[in-house]
Amino acid sequence: MNTPDSRPGSTSGATRWLPLAVFAALAILLAAGVWLSRNPDREKLPSPLIGKPAPRFSLPVLHEAGRLISTEDLRGAPYLLNVWGSWCPACRDEHPVLTRFAETKRVRVVGFNWKDEHADALRWLEQYGNPYFVVAVDYEGKAAIDWGIYGAPETFLVDAQGIVRWKFVGPLTDAVIREQLIPELDSIATKAGAPAAGASPAAGTAR
Amino acid sequence: MLSAPLSAQPANDPAPLRYSDPAEERRFHDLVAELRCVMCQNQSLADSNAQIAHDLRREVLDLMRQGKSDAQIKEFLVARYGEFVLYRPRVESTTWLLWFGPALVLLAGGYLVARVIRTRASGTGADDGTATDLGRTSRGGEDEQEW
């Protein structure tokens, strides 16, 4: 008695609720879209370079005519690569934050002067102060493409082995340094302090 | 405010690109239309006037002249800027929903339509008072629309 009654009842019930279900699904989809669009970082691209060797460059040094600096020269200790240009207003905002961090001497801060005029770059650093250990100049923007740079400021953290560990797009703030950069530096330090995790060098010496 | 740091662009404007022949120009335009500008993400590399788009277009032309295939050029950009630069993402575990989602939705819709039609047909056939609610409501709806 139950079965013949329930069968048509259940199908009609399902079809009656169908428009509501479709509407609810659409509403959820739209809400998810609105929710995702609230993320202020949604236009920032994740770098495919994280965990990979830093792209090689050999670029002129801003303050020394004729001298070149390469990624090989920077190996051996971690460094922060900060992309900037005198044409970039956000770099001006970032500058005091970066200077304060550079003064802690936690890590070498390398400047990457991107598509700038030589005289403008020098004047900019004279005016606002130079927090950089060294400034590499990429006038053509070729090295910038290898690093996946698409705006300024952008900041990369490269470890002592030359592996890119972290990237930040936009001006660094004290909060970003405290909550992201310092923990990354700490994790690099513990990895470097611990005996080499890779088994292959140990096996090599044992032989 | 958000776009302020991202729209920050160097001011120097490079010389316009020159093509050696119309075939090269056509291939170049087809290629850059399929690549997304990393700065202005709603534009293709062909449309964007951002400085980085100028630089990337120049790079694409350089790579073409080095004899790289379209696939190699796309691979070059993906290695630096990520999958995002491709307007047509590759079929991978992370993109299969993007590729096959619409087809799945279409199939599900087709199945539902077929079911509704079947229910209506059986509803009119078995007109014994226990006709389905759908049959009743839909016919009621039609009646309302008719006057």
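The legends below describe close-up views of a predicted model. Residues are numbered from 1 along each chain as its sequence is written, while chains are lettered from A and ligands numbered from 1 in the order in which they are written. Local features need pLDDT of at least 70, side-chain atom pairs count only at pLDDT 80 or more, and totals for chains, interfaces and linings use all residues; side-chain values use heavy atoms, with hydrogens and water left out.

**View 1. Overview of chain A.** Chain A has seven helices and seven strands (DSSP runs numbered from the N terminus: helices are H or I with at least four residues, strands are E with at least two). Starting at the N terminus, the order of elements is α-β-β-α-β-α-β-α-β-α-β-β-α-α. Of the 207 residues in chain A, 41% are buried (buried means under 20% relative accessible area, exposed over 50%, partly exposed in between, with a 1.4 Å probe and protein chains only). Among the contacts in chain A with a separation of 6 or more, 70% are between residues 24 or more positions apart (contact means heavy atoms within 4.5 Å).

View 2. A:Asp138 belongs to strand 5, which covers residues 134–138. A:Asp138 is buried but has no salt bridge (a side-chain nitrogen of Lys or Arg within 4 Å of a carboxyl oxygen of Asp or Glu). The nearest side chain of opposite charge is that of A:Lys115, 8.1 Å away (Lys and Arg count as positive and Asp and Glu as negative; His and the chain ends are not counted). Two backbone nitrogens lie by polar atoms of the A:Asp138 side chain: that of A:Gly141 at 3.0 Å and that of A:Ala143 at 3.4 Å. These are polar contacts (pairs of N or O atoms within 3.5 Å; within protein, one must be able to donate a hydrogen and the other to accept it, and residues adjacent in sequence count only if both atoms are side-chain atoms). Beyond its neighbours within four places in sequence, A:Asp138 has contacts that include A:Leu59, A:Phe112 and A:Trp114.

View 3. Helix 4 spans residues 118–128, and its buried residues are A:Ala121, A:Trp124 and A:Leu125. They cover an arc of only 90 degrees around the axis, which puts them on the same side of the helix (the arc is that of the directions from the helix axis to the C-beta atoms). Packed against them are strand 3 (79–84), helix 3 (89–103), strand 4 (108–114) and strand 5 of chain A. A:Glu126 and A:Gln127 are exposed on the face turned away from the buried side. After helix 4 comes A:Gly129, with a positive phi near 100 degrees.

View 4. Over all chains the structure holds 16 salt bridges. One of them joins the side chains of A:Arg56 and A:Glu72, at 3.2 Å from N to O. A:Arg56 lies in the loop between helix 1 (2–37) and strand 1 (58–61) of chain A and A:Glu72 in helix 2, so the pair ties together parts 16 residues apart in sequence. A:Arg56 is exposed at 67% relative accessibility, and A:Glu72 is partly exposed at 41%. In another salt bridge, the closest N and O atoms of A:Asp159 and A:Arg165 are 2.9 Å apart. Here A:Asp159 is buried at 4% and A:Arg165 is buried at 18%.

View 5. A:Gly76 sits in the loop between helix 2 (71–74) and strand 3 of chain A. A:Gly76 is exposed, at 60% relative accessible area.

**View 6. Helix 2 of chain B and its partners.** Helix 2 has 12 residues (22–33) and reaches 16 Å from its first C-alpha to its last, close to the 16 Å expected (1.5 Å times one less than its number of residues). Its buried residues are B:Glu24, B:Phe28, B:Leu31 and B:Val32. B:Asp21 caps the N-terminal end, with a side-chain oxygen 3.0 Å from the backbone nitrogen of B:Ala23. B:Arg27 forms a salt bridge with B:Asp70, with 2.7 Å between the closest N and O atoms. That pair links helix 2 to helix 4 of chain B across 43 residues.
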